[in-house]
Amino acid sequence: MPQKYTIHTKPAPPKFYPVGKYATIEFRENCAGSCKECVKKKCVYDIFKNNYLHMSKMEEPEYLYTCNSCFRCIQECTKGIFSRVINPEYRDIGDEYYTPDVINRTWYQAHTGSIPVSGAGYRGPFVGKGFDSMWTDMSEIVRPTRDGIHGREYINTCIELSRRPERLAFHEDGSLAVAVNPILEIPLPILFEKPSFGVLSPKVLVSMLKAAQAIGTKMFMDADEINETLTPFGTTIIPKIKKENVHRFAGLLKGSDMVEIDYEPGIETFLEALKAAHENLVISVGLPLSAALNYAEIGVALSNTVMDTLHVYADYNGRELHSQNPRFIKDMLRDIHVAMVKAGTRRQINILASGGVSMAEHVNKTIICGADGVVIDRPLLLAMECRLCDRCRKGLSCPVKLEEIDPAYGSNRIINLMGAWRNQMLEMLGAMGLREARRLRGEVGRSMWFEDLEKESFGPIFGERKISLDVG
Amino acid sequence: MNTKLNSLPETKPVRSRFRNTIGKYTIKRNSNCIACGKCAELCPHGVHIKPDNYSAPFRPVEHNCIGFACKDTDHYCIEHCPEEAMTLKENPLLETMGDYRWTPDMLLGHFAMAETGDLPHVDLEYSLGNSGGGFDKMRFKKPEPGLALDLSDEEIDTGIDLNKTGDGRPLKTISIPCYGGGMSYGSTALSVIVGRARAAKRLNSLTCTGEGGYPPEFLPYKDHVITQVATGLFGVREETIQNCPVMEFKYAQGAKPGLGGHLLGEKVTEAVAKMRETVVGRPLFSPFPFHSVYSVEDHKKHVDWMKEINHKVLCSVKVSTPTDVDMVAVGAYYAGAHIIHIDGSYGGTGAAPDIAKKNIAMPIEYAIPKVHRFLVEEGARDKITLIASGGIRNAMDVAKAIALGADGCVIGTADLIAVECVRCGNCESGRGCARGIATTDPELGYMIDEAYVEQRLVNMYMAWRKQWCRLLRSFGLKSIKELRGRSDLLVHLDYLDEEERKQYQSSPGYKMVL
């Protein structure tokens with residue numbers, strides 16, 4: 001029996017105190033001083049145990065991170081000297097898409113490799129923008145495995161990056177009559193990409209590459225930035241080139257199994273030439289999801305070339321580029337996927353999507369919208385304790401000294417994050433009764449969308465909706 | 001009317017388990033206080049207390065303070081303090097409490113109901129959350145003038161029937177339109193689940209074992225305890241099926257639809273292991289789904305099996321809310337179920353992966369009208385009881401769910417809030433709940449007792465009943481059964497013109513930090 005694909009995680013505690021949500025306040029002047037009932041000693045989570053040590057080191061108190069919000073110290077102190085506020089620093093990290101909560105959960109997963117679990121129900125808004133306006137389906141009686149998703153049977157998360165022939169043909173003797181290129185496959189539908197900003201020191205990049213190599217995925221990097229020190233990572237790297245500079249990277253392409261070319265009008269001929277020169281090289285075309293481009297039409301045109309994979313780029317938060325009223329990646333992907341289905345080319349090629357994937361749930365939702373896999377960058381930085389504080393963009397020092405990160409530690413954190421994400425993917429796939437991530441591609445029937453549910457359930461009761469929720 | 005409906009259980013004050021209660025307002029005395037006791041003399045709400053033989057007043061009981069609404073009265077302590085020693089402000093702590101679904105006001109409101117058995121006298125919005133959709137966007141229409149009935153609460157029927165099939169089994173009626181959701185022995189402290197059973201008896205309602213076995217402590221209340229049969233079959237024995245008036249097949253649950261259950265090894269103490277017939281310290285998995293059920297026919301076999309073991313038992317089928325929840329409900333009906341229980345995705349009490357709670361299966365607000373409508377079309381609606389759960393937080397949510405088409409609701413989280421859960425969400429962590437609710441830890445378990453749980457729950461449901469009675473009266477309805485499917489009495493703010501919308505209470509505008 002072939003070995004099952006598993007991402008092996010091991011705890012990697014933070015080197016710097018993560019920015020926690022709560023700051024406990026003590027009005028010490030009111031403390032009885034000799035109280036035998038001191039709530040600090042009784043804390044179930046022991047958060048006060050070493051909380052004096054930070055003073056001599058002039059560090060943040062540990063409980064800024066570890067308070068579990070049970071309110072017992074506040075409610076049980078005999079003098080009522082405790083209160084609590086939201087940590088002001090917590091409010092400032094991230095942005096509207098990478099919220100403090102998303103960042104904290106990412107840190108937790110990178111630390112533990114575990115799925116975030118909590119009790120007492122869901123806490124968030126009823127519906128939100130983008131991916132938060134869709135739910136995935138489940139099946140009451142169908143389940144892919146009989147002993148749980150982590151049991152003996154297997155949910156396959158592999159995807160292909162190479163082109164598939166439209167159909168096979170055979171000679172009379174049974175031998176293949178069409179050329180079939182080698183299949184390039186990765187074991188999970190998540191690829192990495194070098195972020196376009198942040199502290200991107202060699203150690204940071206090596207951390208990302210080591211993690212990609214360990215879990216069997218690949219990482220997109222500009223060919224210009226690939227130097228000899230990265231040679232050990234071989235085909236883990238997907239070099240990104242342009243039509244005009246390809247001649248400089250002939251050697252690099254020989255050692256690669258996949259390459260990405262930036263889209264430009266008329267690229268088709270160049271793709272043919274590149275394929276002719278490198279028969280076994282899988283070709284991805286990077287297409288920006290720009291309002292200035294008819295990306296669905298371009299996608300269909302490219303799918304009729306020798307391109308293997310279309311890699312579409314939205315901005316970090318999944319929005320359309322160069323638009324006053326940007327669409328969200330889920331809707332753009334639907335357009336491209338459906339256009340290719342109509343053109344009859346979708347099954348031959350693969351689609352990768354960059355932008356808007358900040359949590360595990362976004363991977364499955366992106367695939368439901370029509371992608372084969374996703375490409376991530378910011379979550380990799382977050383896994384290595386990045387706070388998205390933007391200090392690096394202003395030329396200021398990194399609060400978590402990212403430039404000095406030990407690649408063994410950095411890659412450990414990224415592997416943990418990917419392990420937790422994959423397990424969450426399995427949870428969702430399992431609930432849907434699917435045994436293959438590939439089966440999820442474009443499967444909108446396995447999802448429920450806000451607009452549809454409102455229309456179906458509430459339409460007959462309340463009539464026509466007068467406020468259109470911005471779910472884009 | 002059934003006399004039992006009118007014999008409402010007695011409410012009586014049950015104080016918080018915690019020394020310092022949390023109020024909407026915070027009121028402080030500074031060192032200028034001369035302990036004259038003027039504030040205690042004035043305050044009719046019990047915020048200031050100074051017993052005669054005490055030299056100084058107690059620390060203010062802040063959760064009783066009505067805040068700035070007191071300003072216009074003649075007992076406003078801030079102005080009457082001769083030494084100007086007191087300050088009043090909104091409690092900044094509330095910003096760190098609650099969430100979009102259970103706002104701080106809703107939490108404090110339910111603490112107050114559980115404490116007093118009455119509606120809170122502080123200006124708390126306990127009926128609307130801040131989620132921005134579903135129940136939080138629905139309002140009951142303003143009743144037509146002249147509709148209101150002049151009936152007392154005792155004359156209003158809030159009971160629902162659980163057996164409409166006419167199959168000769170008992171006609172079970174419960175006196176309030178809700179019963180307790182499954183919380184297992186092992187995931188929740190024994191005193192909590194037994195307290196719930198005691199409350200169910202007094203309320204003439206039901207509670208549910210969850211999938212943790214049937215502790216002998218339930219036996220005195222067995223006519224009010226549902227035995228749950230779930231995929232792990234933990235603690236399911238012939239006698240536990242014979243004990244119960246209603247048994248519940250749990251196919252799935254809203255908090256983790258399509259996923260199995262998981263009790264961490266730390267919670268599997270000797271007593272829990274004995275109850276579940278397993279090994280101490282070993283984690284327990286309830287797989288998903290029932291591997292003996294892959295069709296409606298298989299399901300019917302399950303139902304028949306239970307009916308054969310107990311000739312009086314009613315069968316409830318608990319499912320989650322997938323796209324085809326309406327088909328599932330009709331399937332349950334044809335298999336002979338008395339109750340179809342749909343559990344929406346936003347609820348749940350026990351620990352579950354966050355990704356599941358947020359993303360898998362549809363919210364209950366969508367599922368109720370979908371199922372109700374389909375059962376009506378199939379001609380089955382009056383022959384089966386439709387119970388909704390999963391994110392039903394308060395009395396008005398229950399009423400809205402009934403107006404959308406449910407007969408009644410199953411409640412879980414609100415029960416825990418009544419016993420002072422603050423929804424910190426750490427139910428699964430090592431020793432379990434720090435507040436002694438969802439734990440089997442011997443030290444933490446001491447924090448709560450059955451009598452406290454029983455009375456707090458009775459109080460909360462009696463406060464809820466007051467809200468239902470007020471609503472029914474205003475629409476000229478004598479029974480909550482008449483409210484079922486009356487979606488014509490509801491509006492949804494997003495489906496109204498701006499002018500119409502202004503007539504209704506707007507959604508709470510809390511600023512949440514997530």
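## Barrel of chain A

In chain A, strands 7-8-9-10-11-12-13-14 form a closed barrel of eight strands with parallel pairing; strands are DSSP runs of E with at least two residues, numbered from the N terminus, and two strands pair if DSSP finds at least two bridges between them. Neighbouring strands of this sheet are turned by 30° against each other on average, direction ignored. Within chain A, strand 11 (residues 282–288) pairs with strand 12 (residues 309–313) in the parallel sense over five bridges. A:Leu287 stands opposite A:Val312 in strand 12 of chain A.

This is a predicted model, in which local features need pLDDT of at least 70 and side-chain atom pairs count only at pLDDT 80 or more, while totals for chains, interfaces and linings use all residues. Residues are numbered from 1 along each chain as its sequence is written, and chains are lettered from A, with ligands numbered from 1, in the order in which they are written.

## Helix packing in chain A

The axes of helix 6 (residues 100–112) and helix 14 (residues 407–432) of chain A come within 6 Å and cross at roughly 105°. Helices are DSSP runs of H or I with at least four residues; axes are lines fitted to C-alpha atoms, for helices over the stretch in contact, and angles run from 0 to 180 degrees between N-to-C directions. Helix 6 of chain A and helix 14 of chain A are therefore roughly perpendicular to each other, a term for angles of 65 to 115 degrees.

From helix 6 of chain A, A:Thr106, A:Gln109, A:Ala110, A:His111 and A:Thr112 meet A:Arg413, A:Asn416, A:Leu417 and A:Ala420 of helix 14 of chain A.

## Interface between the chains

Chain B places 82 residues in contact with 64 residues of chain A, contact being defined by C-beta atoms, placed from the backbone, that lie within 7 Å. Helix 10 of chain B supplies the largest share of the side of chain B that touches chain A, six residues.

Strand 3 (residues 117–118) of chain A pairs with strand 14 of chain B in the antiparallel sense over two bridges. The bridge partner of A:Ser118 in that strand of chain B is B:Ala352.

## Nonpolar cores

The largest nonpolar core has 256 residues, and those with the most contacts inside it are A:Met208, A:Met219, B:Ala329, B:Ile340, B:Ala388 and B:Cys409. Such a core is a set of buried Ala, Val, Leu, Ile, Met, Phe, Trp, Tyr and Cys residues joined through C-beta atoms within 7 Å, where buried requires 20 or more other C-beta atoms within 10 Å of a residue's own.

Methods: Two residues are in contact if their C-beta atoms, placed from the backbone, lie within 7 Å. Angles under 35 degrees count as roughly parallel, over 145 as roughly antiparallel, 65 to 115 as roughly perpendicular and the rest as oblique. A residue is buried if 20 or more other C-beta atoms lie within 10 Å of its own, exposed if 12 or fewer, and partly exposed in between; C-beta atoms are placed from the backbone.
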